[in-house]
Amino acid sequence: MFKTFSTGIILGLIAAGAAVHFVPLYDLHRETSIVTVRPNGGNAELFQIHLPADRILAGGRNLPDPVPDRLAWPEPLDSSAMELFKIRNANDRVVGIASRIQGAVPQTPEVVEWMLHLPARGSMYIAMANDSGVEGNRTGSLQKGTREFAGKHGTMRETFVPSGSDDSSTGRIELLAFVVANAVDEAEEVVQ
Amino acid sequence: MKYFVGLLLGMIVGVAIFGAAIYWNPFVGRSSVSPLALSTDMVELTFSEVPEKSIAWIDNGDSAWPPHPQKVQELWEPAIADTVILVTRLNDSRGQPAGFGIKFSTGAESARLMNGEVLVNSVWHVWLSGQGGLFIEQTENEWPWLRDVVIPARWSTSNHWRGTWFGILTVGPGALGSGRVTAGSGRFSGAEGEAVEARRASAYSATSGPAAVDGSLTVVLSDPNAADEDVPQ
């Protein structure tokens, strides 16, 4: 009986050890990445945000319609505005979340910053000038990427596509990211 | 039959011994000394980690405490279900409002409980009023927090933990266990540096979440013009 009990203890230790070792604490869901390879070897990837459905939060001192409507924005902060979105891939599946901050800093034009977070892949941080071009686009450069986007450089273009109705708050935001590996990395790959 | 019962009891005891060894593993400690402690020109930003005191606290809706504010969209889609969002006001070292920060935290697949690592990949989007934006990437280890505060709160008959807890959460990706900072626009544009996030707690409830928990971000930025200044004219 004692031998059986001791064997049970050892089996319990092995089973628990195997479970802790082989069963991941987090098993992140992955959607298929829909990436277009460009002639320069870089990638182009489209993310889209449906408005207003994908807007999680919108806050700012001078914002007339915060989201959700009970959002309390701290009074002492400056006139910058912040939004949080769910972001979708080209197939309209939610693949991550994004923050967008629009604010002013002294002696420079107003800026827009994006932080895209794709949980299973990594994050991108993009800064762009607020003034949109003739076609209504804003373009900014990738300041930093993490994990899959680490060590890359590139640009992102923000375009608002209205839904066609008179209401300018409905439509979708298209974020087209162009990302390429740094020249140094490419050279190292060639050497290898 | 008695052998089966003996084997089963033995296995239960074995699993319990393993769990106790993980929980009281003497080789897994808690870091309370910041790798940036000796740095000069650091920026200290403090914030509340209590959901009701934040601007927003959002998860997938499965946690015991409700998201804040009410009616905010939850992150229920499979690709973002393991992610938590914190939007909070940031104060400077004198307690004055300095800006706001948005933190996205996602459990890391590299987490290994055997090693005392419950790792979380997190990124901060920080906006400092009138100064510009910062991006902070870091890997955090939540295990010391879970072991010392969250699990004791669950074991407590009152579902509460009270005490004094301080720990450095950031464990990477920097070589010294610090996070990486990149300035995007404004006053710090072009600067890079390191950051460390710490947590200080005195009350936690297993049913309603953090009751008295504050966080701090210590940021050290290099001067983007320093390299130019070093070049002889």
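1. Two strands pair if DSSP finds at least two bridges between them. Helices (H or I, at least four residues) and strands (E, at least two) are DSSP runs, numbered from the N terminus. The structure is a predicted model, in which local features need pLDDT of at least 70 and side-chain atom pairs count only at pLDDT 80 or more, whereas totals for chains, interfaces and linings use all residues. Residues are numbered from 1 along each chain as its sequence is written, chains are lettered from A and ligands numbered from 1 in the order in which they are written, and side-chain values use heavy atoms, with hydrogens and water left out.

2. In chain A, strand 7 (residues 122-129) and strand 8 (residues 137-145) run antiparallel and are joined by five bridges. Within this pairing, Ile126(A) stands opposite Leu142(A) of strand 8. Strand 8 of chain A is also joined by five bridges to strand 9 (residues 152-162) of chain A, again in an antiparallel arrangement. Here Arg138(A) has Glu158(A), in strand 9, as its bridge partner. The hairpin of strands 8 and 9 of chain A has six residues between the strands, and Arg147(A) in this hairpin takes a positive phi near 50°.

3. Chain B has three helices and 11 strands. Read from the N terminus, the order of its elements is α-β-β-β-β-β-β-α-β-β-β-β-β-α. Its C-alpha atoms fill a box of roughly 90 × 45 × 35 Å along the principal axes. Of the 233 residues in chain B, 51% are buried; buried means under 20% relative accessible area, exposed over 50%, and partly exposed in between (1.4 Å probe, protein chains only). Contact means heavy atoms within 4.5 Å. Among the contacts in chain B with a separation of 6 or more, 59% are between residues 24 or more positions apart.

4. The whole structure holds 11 aromatic pairs over all chains. Rings of Phe, Tyr and Trp (its six-membered ring) pair if their centres lie within 6.5 Å; planes under 30 degrees apart count as stacked, over 60 as edge-to-face and the rest as tilted. One of the pairs is Trp145(B) with Tyr204(B), which is edge-to-face at 5.6 Å centre to centre and 90° between the planes. The two residues are 59 residues apart and link distant parts of the chain, with Trp145(B) in helix 2 (residues 143-155) and Tyr204(B) in strand 10 (residues 192-205) of chain B.

5. Arg199(B) lies over the face of Trp145(B), at 4.7 Å from the ring centre. The criterion is NZ of Lys or CZ of Arg within 6 Å of the ring centre and within 35 degrees of the ring normal.

6. Thr139(B) is located in strand 6 (residues 132-141) of chain B. Thr139(B) counts as buried because its relative accessible area is 17%. Leaving aside residues up to four places away in sequence, Thr139(B) touches residues including Leu119(B), Asn121(B), Leu169(B) and Pro173(B).

7. At the interface, 63 residues of chain A are in contact with 67 residues of chain B. The two chains bury about 5700 Å² between them, 73% of it on carbon and sulfur atoms; buried area is the accessible area (1.4 Å probe) that two parts lose on being put together, summed over both. Tyr26(A), Lys86(A) and Met115(A) supply 11% of the area that chain A buries against chain B, more than any other three residues.

8. Two salt bridges are found across the interface of chain A and chain B, each requiring a side-chain nitrogen of Lys or Arg within 4 Å of a carboxyl oxygen of Asp or Glu. Lys86(A) and Glu77(B) meet through their side chains in a salt bridge (3.1 Å, N to O).
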